[in-house]
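This briefing sets out selected local features of one protein structure, grouped by topic. Please consult it alongside the sequence and the coordinates.

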Amino acid sequence: MRLTKLGHACVRLEKDGATLVVDPGTWSGPEALDGADAVLVTHEHFDHVDVDGVRAALRANPHLRVWTHAGVAAQLGAGSDEDGGERVRVVRAGDRFECAGFEVSVHGAEHALLHKEIPVVPNVGFLVDHEVFHPGDSFTVPDERVRTLLLPVDAPWLKASELIDYARAVAPERAYAIHDAMVNEKGAMVVDNWLGVAARPLDATFTRLQPGTGVDL
């Protein structure tokens with residue numbers, strides 16, 4: 001399986017000629033959905049799902065399928081023929097399914113707390129092929145082994161101690177930074193430091209990938 005980091009929290013996974021895209025938001029880049037066979041969306045925030053973009057992709061590609069929680073599915077027209085709504089599937093924690101040849105399990109139910117005055121929205125995390133876990137905006141720890149963690153590193157709901165504790169709780173063999181569109185060059189050096197701190201007791205490799213960079217898993 002090949003993993004390619006796209007903009008912000010979006011990644012592309014490729015295997016046996018199939019392409020799965022996770023969290024194609026408005027900061028993911030205009031080509032995030034090019035060639036996609038399947039899409040996973042963790043939650044409703046604009047930096048994780050470009051609703052208009054996904055609808056356009058569904059119209060353009062009759063074979064495209066989307067899996068997400070009920071709130072996002074409703075925005076994408078699930079259950080109707082509009083914009084390919086019949087091809088939008090609702091999932092929840094505990095579900096397992098296959099999409100475009102990838103095995104996916106669903107973990108977690110809620111977004112991390114932003115502030116006590118801001119309602120917590122639904123958020124589901126996806127473990128793909130028992131290998132790659134995308135938590136969305138959450139601190140969900142799957143109840144099964146994770147070899148590769150997509151680790152949020154910068155967000156209004158996240159502080160350094162939480163980043164470190166979360167990564168160590170999941171305890172992957174490797175992690176790649178996501179949720180980093182607001183990090184500038186100086187901030188990236190700080191992020192690299194925290195990634196090193198988080199990885200040290202795990203004897204793991206935590207790193208950042210530039211958008212467009214791919215690795216083989």
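Met 182 is situated in the loop that runs between strand S12 (174-178) and helix H4 (185-199). The model is a predicted one.

**Nonpolar surface patch**
- Together with Trp 27 and Phe 46, Met 182 makes a nonpolar surface patch of about 320 Å².
- Met 182 has a relative accessible area of 48% and is therefore partly exposed, since that class lies between the buried limit of under 20% and the exposed limit of over 50%.

**Surroundings of Glu 144**
- Glu 144 belongs to the loop between strand S10 (132-134) and strand S11 (148-152).
- Its side chain forms a polar contact of 3.0 Å with the side chain of Arg 96, and another of 3.4 Å with that of Ser 105.
- When residues up to four places away in sequence are not counted, Glu 144 touches Arg 96, Ser 105, His 107, Leu 127 and His 130.

- The relative accessibility of His 8 is 2%, so the residue counts as buried.
- Ala 171, likewise not a glycine, has a positive phi of about 55°.
- Ala 171 is placed in the loop between helix H3 (160-170) and S12.
- With a relative accessibility of 25%, Ala 171 counts as partly exposed.

How values were computed
Residues numbered from 1 in each chain as written. Predicted model: local features only at pLDDT ≥ 70, side-chain atom pairs only at ≥ 80, totals over all residues. Heavy atoms only, no water. Helix = DSSP H or I, 4+ residues; strand = E, 2+ residues; numbered from the N terminus. Polar contact = N/O pair within 3.5 Å; in protein donor to acceptor, adjacent residues only side chain to side chain. Contact = heavy atoms within 4.5 Å. Patch = residues over 30% accessible without salt bridge, like charges linked within 9 Å, V, L, I, M, F, W, Y side chains within 5 Å. Areas by Shrake-Rupley, 256 points an atom, 1.4 Å probe, with all protein chains shown as cover. Salt bridge = Lys/Arg side-chain N within 4 Å of Asp/Glu carboxyl O. Buried < 20%, exposed > 50% of the residue type's maximum accessible area, 1.4 Å probe, protein only.
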